[in-house]
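Subject: Handover of a structure

Hello,

Please find the structure below, with the sequence. My notes come after it.

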Amino acid sequence: MSVNQSGWRPERPSAADAGAATATGNRALMLEEPLIFEIGSTRTTGVDFADGDVRHDRLGDLTRKTPIGLPGLSEPETVRHYTRLSRQNYAIDLGLFPLGSCTMKHNPRLNERIARLPGFADVHPLQPVDTVQGALGVINQLAFWLIDLTGMHGVAMSPKAGAHGELCGVLCIKAALEARGDTERRVMLVPESAHGTNPATAAFAGFTVEDIPATAAGRVDLAALKARLGPDVAGVMITNPNTCGLFEPELKEISDAVHAAGGYVYCDGANFNAIVGRVRPGDLGIDAMHINLHKTFSTPHGGGGPGSGPVVLSEALSPYGPLPYTARTADGHIHLIEEERAQEFSDEHFGGKHDSFGRMTAFHGQMGMFTRALTYILSHGADGLRQVAEDAVLNANYVLRRLEDVLDAPFAASGPCMHEAIFSDAGFPDGFSTLDVAKGLIDEGFHPMTIYFPLVVHGAMLVEPTETESKATLDQFIDALRSVATRAKAGDPSLKAAPHFAPRRRLDETLAARKPVLVWKDKAPLADAAE
Amino acid sequence: MPRFFTQDHEWIEVDGTTGTVGITDYAQGQLGDIVFVEVPAEGRTLAKGDEAAVVESVKAASDVYAPVGGTVTEGNAALTEEPDLVNSDPEGAGWFFRLTLSDPDAVATLMDEDAYKSFVASL
């Protein structure tokens with residue numbers, strides 16, 4: 001049996017200190033809100049339809065003879081329901097979101113304004129291409145800037161999220177190997193400091209995954225990687241900056257070694273925010289890298305927008321990229337290249353170098369995210385994007401250095417961190433854990449950071465502040481985290497019962513996993529439902 | 001009856017040609033509260049090191065490997081309803097499966113209780 005090395009433990013709520021109860025269950029002006037079905041009644045409706053004239057329907061005996069029994073709500077009830085729910089949410093628009101995740105940074109309102117222009121918002125993917133030249137121009141221009149910013153050769157725009165992009169890149173590697181008849185390369189090497197989706201992607205694409213250990217400094221063990229290379233290795237999937245928040249300075253040497261051994265290098269670009277405008281992955285010998293538009297290029301995701309994960313490709317892999325793609329010809333026309341024209345178009349314009357592995361999506365990708373990302377790139381400019389990376393790294397290092405005296409920072413001696421600062425639970429007394437710190441932060445009004453990831457750090461706390469946060473906000477967060485961490489290290493029993501002030505106290509995660517309630521059950525069926 | 005241990009924290013108790021397999025107290029402590037266990041079907045043939053069962057705690061899912069080769073004669077049905085038996089009695093009522101050993105002498109390659117204790121102490 002393999003052991004859960006992260007140190008994570010489920011928590012069961014403390015029976016003590018249940019807190020003062022109110023008759024309504026509301027906590028001051030934070031209101032308890034039932035499910036919408038539970039508020040509704042079949043006697044209520046928010047709309048007033050005229051009685052339909054359905055005497056001449058053709059359903060015969062199939063017409064419904066009893067009322068359908070759907071509960072309805074009045075308009076004010078509906079408005080209040082959703083407004084109450086929205087107040088229980090926490091989002092980047094409310095405060096610092098220190099998770100190293102897709103919700104991490106501000107989504108500029110200018111992006112939203114541009115994305116809502118009718119010429120972008122109201123187009124249909126099956127419209128004749130002559131009528132959507134502007135929208136295709138956005139895809140093509142964004143493609144240009146992504147290639148330029150990464151120093152790569154081509155880009156596949158259609159993948160719809162980071163892991164989808166990984167799959168696209170790995171399928172390109174597979175297609176390139178098959179095209180040269182090199183079918184014995186079945187192994188994909190994945191360092192411990194890579195993202196968790198990487199091994200899943202490689203396995204899904206049919207490769208056998210092998211781990212490469214991390215050094216104590218939190219970086220790829222170059223010697224171990226080189227020793228494993230050989231005629232059975234298809235490539236390596238490496239995350240840079242890696243999940244320990246560190247830059248992999250030996251990536252060029254890794255790429256050269258992998259290429260010399262006949263493999264390809266996939267780079268997970270989820271943390272590109274820390275190096276955009278400063279480092280071009282193409283210069284490091286990368287063959288494929290996905291870019292999370294919903295991270296680095298500020299398109300909304302965690303709050304409810306779709307992801308978007310274009311994949312930039314090296315010259316070696318570009319011919320195998322997916323269809324469709326856009327191409328601008330000398331006459332200024334932008335073409336959408338689909339299966340029917342792919343060979344003919346590449347013969348005419350690319351010397352016939354095209355051997356697509358197929359499609360990733362039905363259409364062209366996340367159009368609404370393309371408009372937002374291009375807006376972000378153009379409104380920041382090259383100097384602004386470089387400053388994004390510099391400020392994000394500066395903020396993360398500020399958090400790291402201001403907290404390393406109260407929290408153990410396992411990679412503090414490995415030099416400056418990149419996008420994120422990482423701490424461990426070393427020094428906490430028995431019975432106190434990273435989870436207690438996270439729950440305590442909720443009481444302090446902050447969304448907790450990522451906890452128990454990366455797995456290689458025991459009781460990991462991962463803070464990714466990004467460039468969004470001001471020094472004043474970071475100082476508030478640091479003061480809160482210092483206070484909670486100090487309480488944890490002192491063994492303050494009240495921390496075990498945190499959060500004290502949230503709408504819900506500590507949840508019974510074990511019970512939820514052992515006896516999950518996955519389907520809504522009508523506790524007291526509406527008396528009139530069967531009428 | 002003699003009991004043997006693996007470096008992956010499985011135990012096997014041997015009675016003639018029959019072995020009973022589970023995970024150790026140390027393993028359940030590392031996993032935390034167990035919420036789901038999948039045991040192998042009767043009749044399944046396992047080689048040493050094969051993925052034989054799955055154990056899930058709230059956060060982590062782990063494979064349980066066959067300590068030695070054999071044919072499964074019984075999975076512990078009680079674990080379906082009461083996966084927490086693995087927490088409360090890992091080396092007793094929380095056993096995972098029984099198998100007929102293909103080579104009863106193969107257990108000699110595993111650790112005995114003292115060796116396992118010092119192995120865990122070294123972790």
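This is a predicted model: local features need pLDDT of at least 70, side-chain atom pairs count only at pLDDT 80 or more; totals for chains, interfaces and linings use all residues.

The notes below take chain A, then chain B, and then the strand pairing in chain B.

Chain A

Chain A holds 15 helices and twelve strands. Its radius of gyration is 27 Å, close to the 24 Å that the globule rule gives for 531 residues, so chain A is as compact as a globular protein of that length. The C-alpha trace of chain A spans about 75 × 70 × 45 Å along its principal axes. Of the 531 residues in chain A, 41% are buried. If you take the contacts in chain A between residues at least 6 apart in sequence, 73% of them join residues at least 24 apart.

An unreviewed UniProt entry places the feature "domain: Glycine dehydrogenase C-terminal" at residues 390-487 of chain A. Over that stretch, residues 390-487, chain A is 42% helix and 8% strand.

I looked at one helix of chain A in detail: H5(A), residues 133-150. With 18 residues, H5(A) reaches 26 Å from its first C-alpha to its last, close to the 26 Å expected at 1.5 Å a residue. Which residues of H5(A) are buried? They are Ala135(A), Leu136(A), Val138(A), Ile139(A), Leu142(A), Ala143(A), Leu146(A), Leu149(A) and Thr150(A). These residues cover an arc of only 155 degrees around the axis, which puts them on the same side of H5(A). Just after H5(A) comes Gly151(A), with a positive phi of about 65 degrees.

Chain B

Chain B has four helices and nine strands. In order from the N terminus, its elements are β-β-β-α-β-β-β-β-β-α-α-β-α. The radius of gyration of chain B is 13 Å, close to the 14 Å that the globule rule gives for 123 residues, so chain B is as compact as a globular protein of that length. Along the principal axes, its C-alpha trace spans about 35 × 35 × 20 Å. Buried residues account for 43% of the 123 residues in chain B. Among contacts in chain B between residues at least 6 apart in sequence, 62% join residues at least 24 apart.

Strand pairing in chain B

Six strands of chain B form an open sheet in the order E1-E2-E3-E9-E8-E5, with antiparallel pairing. Its edge strands are E1 (3-5) and E5 (45-46), each of which pairs on one side only.

E1(B) pairs with E2(B), residues 10-15, in the antiparallel sense over three bridges. Arg3(B) stands opposite Glu13(B) in E2(B), and Phe4(B) has Ile12(B) as its bridge partner in E2(B). The hairpin of E1(B) and E2(B) has four residues between the strands. In this hairpin, His9(B) takes a positive phi near 75 degrees.

The next pair is E2(B) with E3(B), residues 18-23: the two run antiparallel and are joined by six bridges. Here the bridge partner of Trp11(B) in E3(B) is Gly22(B). Two residues lie between the strands in the hairpin of E2(B) and E3(B), where Gly16(B) takes a positive phi near 65 degrees.

Regards

Definitions and conventions: Residues are numbered from 1 along each chain as its sequence is written. Chains are lettered from A and ligands numbered from 1 in the order in which they are written. UniProt positions are given in the numbering used here, feature names are shortened, and annotations may be inferred rather than shown by experiment. The radius of gyration is taken over C-alpha atoms; the globule rule is 2.2 Å times the number of residues to the power 0.38. A residue is buried if 20 or more other C-beta atoms lie within 10 Å of its own, exposed if 12 or fewer, and partly exposed in between; C-beta atoms are placed from the backbone. Two residues are in contact if their C-beta atoms, placed from the backbone, lie within 7 Å. Two strands pair if DSSP finds at least two bridges between them. The expected span of a helix is 1.5 Å times one less than its number of residues. The arc is that of the directions from the helix axis to the C-beta atoms.
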